[in-house]
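Reader: I am new to this structure. May I put some questions on how its terms are applied?

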Amino acid sequence: MTGARRGELPAFAALALLLAVFPLVAPDSVVNVGVYALTYGLAAIGLTLLMGLAGQVSLGQAAFFAVGGYGQALLVTRYEVPMVVAAGASVGLAMLVALLVGLPLLRLRGHYLALATLGLGIIVTVAATESSYLGATSGLYGVGKPAFGGRRYDSPAEYFWLLAPVVFVALLVARNVVAGRVGRALGAVNDSEVAAECLGVNTFRLRLQVFVLSAGYAGLAGVAYVHWIGVVNPNAANFPLSVEFLLMSVLGGLGSVWGAVVGAFAVELLDEGLRYGIPLVIPDAVGEVQLIGFGVVLTAVILFIPGGLHQIVKRMSRRPTPPTEDPTVPAEDDSPLLPRTGRPEPGTVLLEVRDLTRHFGGVTAVDGVSFDVAAGEILALIGPNGAGKTTCFNMISGVLAPSAGSVRLGGERIDGRKPHVFARHRATRTFQNLQIFRSATVRGNVAVGRHLRSRAGMLRGALVLPARGEERRLHERADDLLALVGLTAEADRPAADLPFGRQRLLEIARALAVEPDLLLLDEPMAGLSGGERRELVRLLRRLRAGGMAVVLVEHDVEAVLALADRVAVLDDGRLIALGKPDEVRTDPAVVTAYLGVDA
Amino acid sequence: MADLLQLLLAGASVGAVYALTALGFVAVYTVSQVVNLAQGEFAALAGLVAISAVGGGLPLPAVVVLAVGTVVIVAAVMQRLTIAPVKRMTTLLSIILTLGVSTTLKAAMLLIWGAEGRGLTPFGGHDLTVAGVSVQAQQLWILGVTAVVAVAVGWFYERTLAGKALRACAEQPTAARLVGISIARASLLSFVIAGLLGAVAGVLASPIYFSAWDSGLALGLKGFVAATLGGLTSVRGAIAGGLVLGVLESLVAGYVDSGLRDAVAFVVLIAVLVIRPGGVLRQRAAAGI
């Protein structure tokens, strides 16, 4: 899910042209297939967003399709609501259902959304069959073909032309969501959920938004469907249709919204072919015989080309990335860095940790640890392996809930809250085990750090223009931060290609993008060369001068003692010393802990 | 009172079928964290094969062996062809893959047996009436065989070396590999067990609940809900979950509206996931199988 997408304009234009010309050149029966492809393609685009961004799959996309179709049929035939108004309401209804289902389910990882949406499809079928208001088994009929300005769209070609611009705009919107702030954040979540959350990404909220949007696409497909065939019945929520949507999306390529439309055409042609061909081979075959093809193709695509058609196209057009030059070394300069108006005065207590405790089964990893951190100071947390340093970090940043004790940030209790809450209080962290967003570029990684400092939501991102200026400013800011850690030359490289030490520096730049008042660094020096270490020390001093509070866990004790204002020493989960470096250096308990002998 | 007992009996009988299906989910999930969406199709396939075998004049024991054998082979082939080749199995991939297999099996059954649902001839014995409750002989078969299978599955996982190896894979995959347990073989074995359980469920259920090309869909979902009730990794939880779900369905259908029967599983699933995602019926101490 990388940001820059040059060469997309010709693709857009080609698609527009293709859609415009298709009804002119294709025979009527094929155009008819095309109408279904466009209709179902809408639902598939929604599914692609859900799978690509939220990493979840719905096995009941047809349920939302049916809700949209039933809503439209009811409003148009029974209440004589104008078509466009009714369409808005029907799509809204599908989204509302998704909100209600997604609210409890998207908090959970794993298979639950898939199985629950599968159940939703069954429920909608049952509800439609049982309700006489919805026409029971025969459904609702008598929905007219749309007419605008005295023109009735009643031939396949006419309807295709009516639908094509709708699909085109729907594609643009989907593409913008993927490329924009929401897509970038969710792409990051798929790489490392904990890191994205620590940068302020509220995973649950964004996933819910995508799920609701994806249901909206299915609802819109239902509206388009019911106006074309004029009737909707309980079969609209049927499981085979959900499988068909899923196949379109998977065939097109996970996460490629273009692919969904291409996949829709391919699957519709396959569908037609099988419905025609299978009875020739097996004369008494009836019902949903096309499913055999769907099942086989679905399995085969996942096994052999998991990226779908999109992957094939991408592989053919891949160019090698140019090698990067030597890293630029930032100029000698010790001026204060990244000050912020509104930041607490140096010396003001920012972080208050009280009696922090964490048990894992019978083991107490952290036992009653208390300390404060003030703005404009560097506190080092040291101790032997397994002393509980990282566990402390995890509890402070919300990655782990404490068993007992409290964490206050700016006076507010945040223990047990999620990491994005920590980030919203202007605090963030880096990780001992690197949590780089591997599928993004170096700059893209830092851009995720700007998540809370940019605002474009789903709607503005979808409409592009309002969000564009923000995107440009965001990239400039990201480049400034990359310059600080000497990664300018590598801004456009895939982050996963960076050597280990540079990935650490990238994590720091990414964290700084949050504009934190409090920065937690977990072993920032590990894997850095001597020169890089000196640069990092200087960077941290400048950040301190700018008023930032820094807490670091580090194994290089000498480096820490030279840098930190205060040092906290943990041993076996307990805080055994807290004071100035010189005091700690001579503390008998510390010497014992490190040397393992009684001093 | 007799009404209630009648509903409880019907619920326990259908619940036993859910329990067997749930056990199939648990067997595969604990070893490879895959929710096998084809689990319901295993049952449907066994039912249809059995019906054809009876039509071909085979005696009941041979029918059962043939149906169970067919499904076990299908399950093993499924594991070799679609699960084993995937190097990095994600949740998303596993869902789509097993859905693909499930769809293929459904369609194959549709092409072979047609769209009509039908029932296997009952296993035999006399229906009776006890205290105003009419008991079908087939219900007793279902409850009896399920009880035997449940005990056997419990014994397998707790007492035999192969069962212990499967549990080890579930709890500590790396450690299991280090002591020489092959994860690939464990996964294959888990699918064989799932196929066996699904087939037994399908053959038992067919005389009362019928078998059709698409009957695995609802059965699979309900089996999953039952397994989820039990925490998805517990044998006892899955059995209890199946029985609870079956009885709930039966009571709702009897006292509220029979059309709502199929809605119960969905509501239960949502309720469980909201209240206790770890499973309601799972005991803390009995974590794992």
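Reader: What makes the span of helix α11 of chain B close to the expected one?

Author: Helix α11 (residues 261–275) of chain B has 15 residues and reaches 22 Å between its first and last C-alpha, close to the expected 21 Å. The expected span is 1.5 Å times one less than the number of residues, and a helix is a DSSP run of H or I with at least four residues. This is a predicted model, in which local features need pLDDT of at least 70, side-chain atom pairs count only at pLDDT 80 or more, and totals for chains, interfaces and linings use all residues. Residues are numbered from 1 along each chain as its sequence is written, and side-chain values use heavy atoms, without hydrogens and water.

Reader: Why is Cys198(A) called buried?

Author: Its relative accessible area is 0%, and buried means under 20% (1.4 Å probe, protein chains only); therefore Cys198(A) counts as buried. Cys169(B), at 2%, is buried as well.

Reader: Which residues of α11(B) are buried, and what covers them?

Author: Among the buried ones are Ala263(B), Phe266(B), Leu269(B) and Leu273(B). Their cover includes α4 (83–105) and α5 (112–130) of chain A, together with α9 (215–229) and α10 (235–255) of chain B.

Definitions and conventions: Chains lettered and ligands numbered in written order. Helix = DSSP H or I, 4+ residues; strand = E, 2+ residues; numbered from the N terminus. Buried < 20%, exposed > 50% of the residue type's maximum accessible area, 1.4 Å probe, protein only. Contact = heavy atoms within 4.5 Å.
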